[in-house]
Structure formats: structure tokens, C-alpha cells
Amino acid sequence: MEKIYKLTKGDNLAIDNKPYTVKGVLELKQANFRWKEFLLTDTTGQETWLNVEPATQELILYRETTQQDRRLMEEREHTVFETGKGTVILANNIQGISRGNTVEFADYVFTENERERWSYEKWKEEEFYFIGKKISLSSITLLSNREKILSSTKDTSKRTLKDWRSLSLGQKLRLRGTEYYISGIADYKQHQFQWTEYKLEAGTETLWLSVEGSTPGKVDFSIFRIIPRRDVAFSQNYKKATYQDTVYDCVDAGNGRVIRSSGKVDFDPNEPFSFRDYEAKDGRLLSFEKWEDETETSVGETLQEFEIEILQGKKKKLTNIKASNVIWAICGIAISMVFIIPWISSLFALPIQDTIKKNSRFSYVTSITATGNSKNKSHIYETSFSPDQTCQYIIKIDPENTECVITPNEKGAEEIFLQTNKETVLIYISEDNTTYVQLSKKETDEENTPYRARSYHRVAGFYTSGMRWSTIPTEGEKLNTSKYNSFLHQARQESINARRARGGGTSFGK
């Protein structure tokens, strides 16, 4: 793969025994990810593109399509492979394209044959469609004398990608003069591309070091620190993000999964996530990740290898527990699980929040913390249900402990307020007709509840997608409490009857 990546204008090669000459070369980057596109011509002058992606070890042969091809492609069943934005860092004999130009792209895979691909590119005012297929490295033969030059090239880097991705827990590193130790490790995968992130700690400071191999013979590094989601403003189509007056452009988006984790990280093997990567004009980075139960936003920058030093000597011990203590601890935990934990868990359980968190019809959006004396955290979910369907579903979760259901009017509430003895719920619909659910623990101090009308201004700015708070009833307005009374009564009765049928009485915490 490395020899193919170093091809240049005038080189000759054969693909499946068909001869080609390299007419031009494009190299592009997307954050730390780099790839090349070689413009090839055959003996008849027909042009073909060879796409070389070292990080994924993929070779794709593309040709520009006709209008008829385009229609046929769209009719075939396909899925999105990757979308993003690339920046040209090398342009050699490619008409109309120069260094610094950007391209938005979308790559697709045909469902019936994953080796077949099609791609869409948008350059300023021009759009192109390509159809192609994935080929193997063994199908390419270098024909020119440059094969000897390419074959003699040696990797002069001190450490390989394998070395950098084999660091262990407790290993001490020095980054730009500050000493850290590795407290957690996570390996990720997106299709064929894999990368490793190390959680670094130094006192109260926590950073994430990302190690990638997107360029042959080169290791790419970047560091990130987590920032509050509320500090970042995203455009409506998520193409741009603004943080501390700096605008970042989306350069990559996709889905990945965890393939390995250890240490102080809250990831499970095969846990999926989606991401969007952004880059500012000055090279600063911003990342947004959406996991099953949370979102994470971070800012960062690239590092050079010489800025990272692997320190020798003893590794930091992450635990210091004697074997005998472990045995007694296990015994104690077992006793607690049998006698204590069920009772404690029932006291702190939040039935509505716990149920919605596990329901695939509800997607986590963000969390906010109330201001003032209260530190109560609210969690926001979106759903395809209507507000009315959502309210009926939530009532059935914990009907016996539901204290009130309030709507602004009798017609059907674009906003519905529901409260149990433990939880407070606000259901509302945004201007784009999306239903949102805001959940929090019930406040014991009414002055601090984020749902009181006089407190709405404190949370109204947490999200910028047009959620409407203005139609929530203010103090003195007439509230409707009758719309869901009969439904709540029926749900309570069904719950009580079901409990009696099981022979159970009142459980812990009720």
C-alpha cells in the first residue's frame, strides 16, 4: 500500500493486467485522515480514478458516470458509507483544483454487493457522480523503474503505529513538558479504519490522546479535552460549530464502535456511537460524539511526535489492594447485593427515566443543570411519538405514584406537565414538529424547580433548535387537569390489579 501511495505523475501501473499511466495526483485531508486520488489514463485516453486510503487499506477504482448511470445508481438499494469534507493539500496536474480547495463528499455502498461503490462530490459550484468497485492490492502491478525507488524507501520513524497503539495502563508520558499517566484505553473502529485513544491524567487535569495511522509510514496524534455541550453552538444542519467565537467546519461524520476498553473508561465492547468531527481554519479541532445514553463534546489540536515522550521507569499503580482484602470485599459485596442493594436501589430508582433510557423510541439529546441554588440535572430526549402518545406511555410507567398531569388547555397539549412522587416530566413539541421530553428528579424546594413559569428563562437557552417555551402557562393562567384524569385512573387500576394478581403487596420505596 505504501508503494502505491507514493506514485506520482508519469508512473505506469497495471490493474488486472490493464495498463495505466498516472496523469495527475490529488492528496486530501480530513482532520488527521489523509488519502490520495490518482487520475489514470489507459491506452485509449479514457480516464479513471484510483482512490487510495491507507488508514482503511482500501483501494477503489472509480469512473465518472453519465446521467443514465446516475439514475440507475439511485434506484439500486444502497447505504451511506461515509460523508464529510476534505481539504486539498496536494494537487499535481488536476485541472481546476488547487491546494486549499475543499470538497464535500458522500460515499455509498450497494447493499447486494459491498465491493461496489458510488460517490458524490461537490466542488464549489460543480457536482460530480462516480461509480466504482473495491479492488485488491494484489491486482496492481507497478511497471516503471520507480518501483525500485519505492521499494527501497525505508521508514525512518522512531516508533511504528503498532508501538504507539500498544501502550499500557499506568504508562507515564510527557506532553509538551507536562507529565501524565495513562488511566484508560479505548480502541475504536469505523468500517476498516481503527484508532486508539488514551485517557491521560495529571492531578485534576484529564486529556485524551488520539493515535491514528492514516498516512503510510506516519503516525498522527491529537489531544482533546471535554467541554460542556452548552458552550458549543451548532448550525441547523450541523455543518458548522462555534466555540469561543471560533467557527469550525464539519469535515467528517459517521458511526463507529468500541472494540476494546480498559481502565477508567465507561465504554463497553461493541458499544456503538455516532460522531461529527470539525476543524477550524487555524487547525484547531472540535469533536461531537453521541452515545446511547449521553453526548460528549471536546476541543483539541494536533500534536507532533517529538512533543510526546514515553517516560521510562516504574509505571503508575492504578490499584493497591491486597488479595485478602479482595476476598473479604467480595463477601461483603455479595451480602450487600442480597440484603441491602435492592432496598437502596428502590429508594433512588427513577422509573420513568430508567424506562425511557432503555426504549429505542426515545433518543438522548442533551442534559442541563439548573442554575441558582438547585443543581438538579434535567435530561432531554426526542421521540417520534406525538405529545399525547408520549404522555400516555409515561403515565403507564408509574401510574400509582403519578401526582398530577397538567396541560395549558383542553385541546391537546403541545406542552404537558407531569409529576410523580420522585420525578418531574415536561413534554413539548418544537417548531420543527419534533416531540421532546425533559426529565428530572422532583425538586423538594419549589423555588428551585426548573419547570415553574418564573424559572423558565434559566433553561430556555440550553438548546438552539427552536424548542418553544413561550406557550407554557404562566402564573395566573388557567391550567387544565382533566384531559388525562380518566386515563390516569384506568392506568392506576390496571397497575393495582396486576400487583394483586401476582400476590404482591407494596414494594420497597412505594
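1. Phe234 stands opposite Ala241 in S17. Strand S16 (residues 232-234) and S17 run antiparallel and are joined by three bridges; two strands pair if DSSP finds at least two bridges between them. Strands are DSSP runs of E, at least two residues long, numbered from the N terminus.

2. This is a predicted model, in which local features need pLDDT of at least 70 and side-chain atom pairs count only at pLDDT 80 or more, while totals for chains, interfaces and linings use all residues. Residues are numbered from 1 along each chain as its sequence is written, and side-chain values use heavy atoms, with hydrogens and water left out.

3. Strand S17 (residues 240-243) has two faces: Ala241 and Tyr243 are on the covered one, Lys240 and Thr242 on the uncovered one. On its other pairing, S17 is joined to strand S18 (residues 246-263) by four bridges, and these strands run antiparallel. Tyr248 in S18 is the bridge partner of Ala241.

4. Both hairpins of S17 contain a residue with positive phi. Five residues lie between S16 and S17, and Tyr238 in that hairpin has a positive phi near 60 degrees. Two residues lie between S17 and S18, where Gln244 has a positive phi near 50 degrees.

5. Leu286 belongs to strand S20 (residues 285-290). Leu286 counts as buried because its relative accessibility is 1% (buried is under 20% relative accessible area, exposed over 50%, partly exposed in between; 1.4 Å probe, protein chains only). Although 45 residues separate Leu286 from Ala241 along the chain, their C-alpha atoms are 8.2 Å apart. Residues up to four places away in sequence aside, Leu286 touches residues including Val232, Phe234, Ala241, Tyr243 and Tyr248; contact means heavy atoms within 4.5 Å.

6. Strand S12 (178-190) is mostly covered, with ten of its 13 residues buried. S12 pairs antiparallel with strand S11 (residues 172-175) over four bridges, with S13 over nine bridges, and with S18 over six bridges. Facing pairs include Leu175 with Thr178, Ile185 with Tyr198 and Gly184 with Gly263. In the two-residue turn between S11 and S12, Arg176 has a positive phi of about 50 degrees; between S12 and S13, also two residues, His191 has a positive phi near 55 degrees.

7. The largest nonpolar core has 29 residues, of which Leu26, Leu28, Trp49, Trp123, Tyr188 and Phe267 touch the most other members. A nonpolar core is a set of buried Ala, Val, Leu, Ile, Met, Phe, Trp, Tyr and Cys residues joined through side-chain atoms within 4.5 Å. S3 gives the largest share of this core, three residues. Leu26 has contacts that include Trp35, Trp49, Val88, Ile97 and Trp123, not counting residues up to four places away in sequence. Another core, apart from this one, has 20 residues, among them Tyr381, Ile394, Val405 and Val425.

8. The largest pocket holds about 820 Å³ of space. A pocket is an open set of points on a 1 Å grid over the protein atoms alone, where a 1.4 Å probe fits, with protein on both sides within 12 Å along at least five of seven lines; lining residues have an atom within 4 Å of a point. Of the 40 lining residues, Trp49, Ile97, Glu121, Trp123 and Phe130 lie nearest the centre of the pocket. By class, the lining has 17 nonpolar, ten polar and 13 charged residues.

Technical notes: Grid points are joined across faces, edges and corners, and a volume is the space filled by probe spheres set on the points. Ala, Val, Leu, Ile, Met, Phe, Trp, Tyr, Cys and Pro count as nonpolar, Asp, Glu, Lys and Arg as charged, and the others, Gly among them, as polar.
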